[in-house]
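Biologist: Hello! I am new to this structure and would like to learn how to read its features. Could you walk me through them?

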Amino acid sequence: MTLRLCLFGQAKLEIASGVQFLALDRLLCMLAYLACQKEPVKRSDLAMMLWDDGDTELGAQRLRQLLYRSSKKLGDLIETDHQHLSFRGTTDVADWQMLLVNNPRAALDLYRGEFLSGLVCDASEFSAWLTIERENRLQQFLHTSRRVAQSLEPPEALNMLEYALSHAPLEHDLLLTALSIAQGFAPERGQSLVALHLRALAELGETPIPEIQKAIEHAQRPSLPISPVRLSDSTLIGREAELEQVQGWLEQPESRVLSLIGVGGIGKTSLAMAAVQNHAVAFVPLAGFVGQSLVPSVAAALGAVLSGQGNADLELRAWLERRPARVLLLDNVEQCLDATRQFIEQVLPDSWRVLLTSRFKLALRQEQILELHGLSLPQSANDFACASATLFLQAARRHSRFVLASADAAVLVRLCHVLVGTPLALELAAAWTRALSLPEILAEVQHNLDFLEGGLERLPAQQHGLRAVFNHSYVLLNPSQQTALASLAIFRGGFDKKAAQQITNINHRNLLTLSDSSLVIRDAQTNRYHLHELIRQYAEEHLQRNPEQWQKVAQQHAAYYLQLAQQTPAHQLHLEADNLRAVLTWSLAGHETSQALELIVAMRLYWFGYGLVQEALGWLAAALEPVNSTALGVEALLLHTELLQTQGQSQTAKTQLQLASLYAKPSPELAALCQTMQARLAHRESQYQQAIGHCYSALELAPIGSSAQAQALRWLGRAEIFQGDLSEATTHIEQALRIFRNQNDFEAIAHCQNSLGLIGIQCEDYTVARACFHEALRLAQAQHDLHNQAANHTSIGWLEYIAGQANQATYHTQKSLEMHRELGNMWETLNGYLNLGHIAFHEPQNAMRHYQHVLLEAGSINAISLQLEALLGMAQHQAPEIAVQYLAAAIVHPQSNNEIRHFAAPLEKKLRQSLGADFEKQYQKGVQRGLEATLLWAKGSNEFDITHSHFF
């Protein structure tokens with residue numbers, strides 16, 4: 001019997017009856033070492049290689065026991081005599097060495113993963129040998145990949161280099177070669193490789209070499225908090241001429257950029273908003289901007305969901321080019337002049353236009369400038385028709401029953417001149433008419449800073465007007481109110497009364513005073529408060545002048561929002577997102593990594609529910625450096641594993657899970673959760689028997705009635721469904737459901753209901769299945785949990801497909817696909833396309849379009865199983881001679897699983913009947929061609945034989 005030992009990737013034996021996977025133990029160590037030796041090995045030498053203790057007699061005894069195990073499990077695979085041992089079969093390593101010389105391209109197909117992937121041995125000699133072998137094989141693979149790629153066409157070369165870099169993302173030369181090819185062919189794929197390289201460097205705490213530094217900077221996507229802002233419909237006072245100018249600009253399609261320039265508080269934003277009321281516009285607030293690129297904020301304002309897999313600049317530009325041109329309103333651009341220039345010049349299509357507000361000019365060639373100055377000033381004691389006086393009087397009447405006394409007319413004139421017609425300054429001054437007379441207001445303003453009598457030239461340009469008004473308002477507060485205002489600067493994105501009272505200790509009277517003074521703004525609809533960004537910055541200066549107060553308030557802010565995140569449903573955290581991000585930023589800046597990790601873990605459902613997986617990964621990467629080995633660190637590593645899994649980064653996920661498992665050993669409950677996560681990873685790879693084994697290991701560790709026990713039970717049931725053991729699956733899921741209900745864990749309850757629905761499908765009880773899925777969907781909708789909503793739309797879509805309701809199936813599947821795309825879950829998005837292909841079986845053109853989309857995109861997240869299923873789907877619409885080659889390439893691939901083989905079985909049966917004796921010939925063609933070449937063939941398959949589309 002011919003035996004072939006495969007040592008690249010997961011170790012296995014190929015025999016006539018099939019494939020036998022080998023456990024990662026000392027028996028495999030012995031087989032691998034013997035198989036790689038050209039000459040027989042002495043028994044004594046092998047014993048020394050496999051055991052460290054130096055006891056010759058004990059080593060010989062252990063070796064005899066190992067050989068006995070080998071003969072019982074593997075037959076006569078090892079040839080023995082009294083002195084020597086040798087391996088009797090062939091190996092993929094031997095074939096690899098021969099092909100490296102004769103057929104390098106075929107050799108690369110044999111490298112299915114690291115040499116003896118996952119194997120660890122405590123014997124130092126074997127471990128040293130294994131390390132050298134792995135490195136040698138990897139370097140041969142990388143060198144050959146680069147050499148062969150240089151002789152191929154760009155698409156095929158880039159596929160080869162991407163695969164090589166997935167095994168060695170730190171290889172500089174390989175990356176530079178790939179980038180040079182991608183630059184003129186697929187730049188977004190080049191940026192994806194740069195991102196992979198960057199993540200690998202971050203894990204080692206290293207920095208990139210200069211040659212790829214620029215590419216890495218482009219790949220970075222810093223987040224920018226976005227506040228939902230509606231365009232104002234208020235009328236402007238004294239800006240009629242400027243409004244006409246801006247509206248005239250909007251009517252000139254050839255105009256590219258218009259900048260409204262002026263000091264803070266001069267009314268730039270109000271003018272811009274009034275001008276664009278009747279135009280298609282996207283408002284992008286940039287106050288407090290931190291980062292290097294405007295792409296995330298513009299994408300959020302337009303509702304463009306980026307994949308996070310490639311070059312964000314190119315992806316957004318392509319998205320914009322597919323939409324009707326609009327006007328972008330960029331507010332407070334002085335925060336990010338360089339980023340704005342780069343965005344306009346490199347990202348924004350020529351058909352799109354920009355209206356921006358700023359204190360400074362962009363200095364772009366195509367930029368038009370409209371400078372705003374103070375409102376018109378009264379020229380006499382009776383000149384109340386001028387804009388500044390009109391604005392002051394209207395604002396004063398809003399705050400109080402203000403009536404201008406004739407004796408105060410001259411005072412008002414003087415006040416308007418002192419405040420140089422600055423709208424915000426006039427508004428703030430008018431707010432004090434509730435407490436002070438007009439002469440008192442003027443006296444206070446003049447006492448602090450007399451605009452007309454000098455001092456104005458001594459201030460920085462950006463402080464003209466506003467700082468004086470802020471100073472005036474601030475010094476009129478009593479000490480407790482000043483402290484309260486400064487403390488409120490700790491908030492980001494607004495706050496409610498409860499938060500303000502607990503964090504800053506502000507009392508109701510002080511909050512009312514600050515609100516009445518227009519220093520704090522209250523939204524009557526939401527009952528939330530916020531500070532105008534300029535006032536907040538001013539107040540923050542005062543807060544930071546007192547480090548003790550700042551530290552105290554920051555600590556109370558962090559404690560409050562950490563508790564909020566731990567006790568509040570995820571869908572209610574959205575209003576506080578900016579405050580939560582502020583806590584994370586300050587915690588990491590202050591090296592409070594445990595605090596940051598605790599908050600990141602507490603926000604788990606928020607990250608998933610709002611599609612913020614990439615952001616969560618960024619926070620975790622910073623907080624887990626260095627790795628925290630405490631119980632909290634284990635929870636964070638488990639979350640990191642879960643997030644990485646959704647992005648198709650299975651190898652990195654497994655690495656993080658190994659660390660978590662190591663640190664979890666002292667805690668049975670955490671160790672159980674690690675075993676359950678092992679089961680989830682195995683489940684994703686369709687290794688259901690392994691998943692079941694991990695779940696039982698978890699149940700042995702988990703405390704009775706604990707969340708860890710329930711998690712193990714639900715994933716055990718899930719795996720048993722796919723193994724066909726429906727009775728056991730039902731029992732285990734219902735046990736989990738009881739525990740989750742006691743804990744009010746609605747996300748897990750919805751997941752269990754979904755699993756019971758899958759059982760209903762297997763039992764062909766579609767009424768029960770439909771009820772379970774819709775109950776799970778209702779729970780997810782009640783929690784605003786987009787992640788579970790998408791999963792249940794997927795299940796309902798598949799149920800309706802099986803039930804023959806094609807329209808309903810398409811609707812729910814399309815719905816789930818859109819949700820998963822919005823959430824950034826690329827694996828499930830592509831699975832949605834795959835399901836659409838199956839549903840559209842009787843529409844061959846449509847089905848093939850969906851399958852080809854999966855083939856083109858799945859490689860970027862290493863979703864091989866999806867590619868295999870898509871290939872089988874395409875085979876159903878091809879002529880039998882082509883279909884059988886697709887079939888062969890799919891089912892002989894190492895990652896082909898029982899589910900895929902089950903899908904392929906009826907197709908294979910019909911192809912055998914159709915082709916007869918020619919089946920084996922075509923089948924061998926597919927085997928020899930291999931998956932990679934077949935995928936390239938299928939990706940380019942734009943034509944197919946419709947006459948065979950319903951053959952299967």
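Modeller: Gladly. Helices (H or I, at least four residues) and strands (E, at least two) are DSSP runs, numbered from the N terminus. One such run is helix α38, residues 786–802, and I802 is found in it. Keep in mind that this is a predicted model, where local features need pLDDT of at least 70 and side-chain atom pairs count only at pLDDT 80 or more, while totals for chains, interfaces and linings use all residues. Residues are numbered from 1 along each chain as its sequence is written, and side-chain values use heavy atoms, with hydrogens and water left out.

Biologist: Is I802 buried or exposed, or partly exposed?

Modeller: Buried means under 20% relative accessible area, exposed over 50%, and partly exposed in between (1.4 Å probe, protein chains only). I802 has a relative accessible area of 34%, so I802 is partly exposed.

Biologist: Which residues make a nonpolar surface patch with I802?

Modeller: Patches are made of residues with over 30% relative accessible area and no salt bridge; like charges are joined within 9 Å, and nonpolar side chains (Val, Leu, Ile, Met, Phe, Trp, Tyr) within 5 Å. The areas come from the Shrake-Rupley method with a 1.4 Å probe, and for residues only the protein chains shown count as cover. Here W798, Y801 and I802 make a nonpolar patch of about 230 Å².

Biologist: You mentioned salt bridges. How many does the structure hold?

Modeller: A salt bridge is a side-chain nitrogen of Lys or Arg within 4 Å of a carboxyl oxygen of Asp or Glu. The structure holds 21 of them. In one, the side chains of R69 and D25 meet at 3.1 Å, N to O. R69 lies in helix α3 (residues 56–74) and D25 in the loop between β3 and α1 (26–35), so this pair ties together parts that are 44 residues apart in sequence.

Biologist: How do I read a sheet?

Modeller: Strands of a sheet pair through backbone hydrogen bonds, either parallel or antiparallel. Two strands pair if DSSP finds at least two bridges between them. An open sheet of four strands here has the order β3-β2-β1-β7, with mixed pairing. β3 (18–21) and β7 (90–91) stand at the edges with a single partner strand each, so one side of each is left without a neighbour in the sheet. β1 (residues 4–6) and β2 (residues 12–15) pair in the antiparallel sense over three bridges, and C6 stands opposite K12 in β2.

Biologist: Which residues are buried on each face of β8?

Modeller: In a regular strand the side chains alternate between the two faces of the sheet. In β8 (residues 257–261), five of the five residues are buried: V257, S259 and I261 on one side, and L258 and L260 on the other. β8 runs parallel to β11 (residues 353–358), joined by five bridges, with L260 partnered by T357. β8 also pairs with β12 (residues 367–371) in the parallel sense over five bridges, where L258 has Q368 as its bridge partner.

Biologist: And how many aromatic pairs are there?

Modeller: Rings of Phe, Tyr and Trp (its six-membered ring) pair if their centres lie within 6.5 Å; planes under 30 degrees apart count as stacked, over 60 as edge-to-face and the rest as tilted. A search of the whole structure finds 19 aromatic pairs. F126 and W129 have ring centres 5.3 Å apart and planes at 45°, so the pair is tilted. Both lie in helix α6 (residues 124–149), three residues apart. The rings of F141 and Y163 have centres 6.0 Å apart and planes at 90°, so that pair is edge-to-face.
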